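This report covers a pocket and a sheet. Please look at the model first.

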Amino acid sequence: MIPATMIKKAGYYIFAVFFTIFRLFPLKRDKVFFVATHDDSEEGNVGIVAEALKRTKPEVKQVFLTKRDGIRRPFSFFVGKAYHLATAGTIFMDNEFMPMAYITFSKQAKVVQLWHGTGSIKKFGLDVETGEVARLARKANRRITHLIVNSELTKKQYEGAFQVPERNIYILGLPRTDLILDTKKMKEKQEHFYVEYPELKGKRCVLYAPTFRDNETQHPRINLGFSQLLKAMDENDVLLLRLHPHVAANYSDVKLGAYGGRIRNMSYYSGVSTLLSVADCLITDYSSIVFEYCLLKKPMIFYAYDLEEFREKSRGFYPADYESYVPGPVAYSQADLERIWKEWRFDEKKLSDFNAQTFQYLDQNAVGRLLELIF
């Protein structure tokens, strides 16, 4: 049996061959290629930029590569996407795209890495990757001409995670912050959400969005006892789950039906910002989702049940002291979580300080600065 890594690398080579052929075609400055393989929704960084371009530059042709594209549609992927990528004047990305390790863009092309988070607590990218994955990622990241970040703090972190020159990193703010700070748009999205889920209107929604742990691919689970947790919840509380796809598949609505609709799997709901806006409280751990939710200035609980293991044996953290860094109380066990849930604590000063070091701009003009820079 051929190893999956060899199949992937063969796919990268094939894509690169077609790309190299299409490099002979003229570059089209009025074409934008979007790599949206992490979040292809209208609420992701790429989706927000695409919508802004429709309004401000309707003449620009937009081509998308999403997680639905790939070897299942070989002609479209290896020929169609390779042609458009090779001839696009600008490329916006929200993820790594490993075939880039084997291709060379035109010197006139701009490759803009927006990433899919707005910050990071846990280490990622080349700060943790090793071996062949790290080698390919390092080569692919050399194609990045513009890496967009929120602040000096994230600039330092991302410089190591992507290993791009400092001159290629721009502190502009990220598109997702524009959306979540737009109270009018978020209110409209909330209204659409409650049309779809009218039974949740008037409920106190708590969103549980843990980070993905590398060992959960083989052993997907979440460290929560639902029956016990229900005893700590008020009658009006509803727990919404936002889990990684590897984990979410084990928590279908059928399995959660025993909890009377008080625990809902919202992992496949496309609008992450909408979920954050309807949530009255966020429970997370080391996930980058905190960097968006903090803008809403609502309570957060950090359920770090495996803190020492994650710090010592897994990816580790960028902040030296996790407990003092996060803008909310830390629960080390479910008993802690239930107690803090009942107390419903909220330290406005700590949250304000967290936002101040995380964001250089909070003026809803990150997209404007980005388009001005690139175009």
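The lining of the second largest pocket holds eight nonpolar, seven polar and twelve charged residues. Asp, Glu, Lys and Arg count as charged; Ala, Val, Leu, Ile, Met, Phe, Trp, Tyr, Cys and Pro as nonpolar; the others, Gly among them, as polar. The model is predicted: local features need pLDDT of at least 70, side-chain atom pairs pLDDT 80 or more, while totals for chains, interfaces and linings use all residues. Residues are numbered from 1 along each chain as its sequence is written, and side-chain values use heavy atoms, without hydrogens and water.

α2 gives the largest share of the lining, eight residues. The elements below each supply at least two residues. Helices (H or I, at least four residues) and strands (E, at least two) are DSSP runs, numbered from the N terminus.

| Element | Residues |
|---|---|
| α2 | 45-56 |
| β2 | 61-66 |
| α6 | 175-181 |
| α7 | 183-196 |
| α17 | 366-374 |

Now the sheet. Six strands run β9-β8-β7-β10-β11-β12, open and parallel. Strands pair if DSSP finds at least two bridges between them. β9 (263-265) and β12 (330-331) are the edges, each pairing on one side only. Two bridges join β11 (300-303) to β12. There, phenylalanine 302 stands opposite valine 330.
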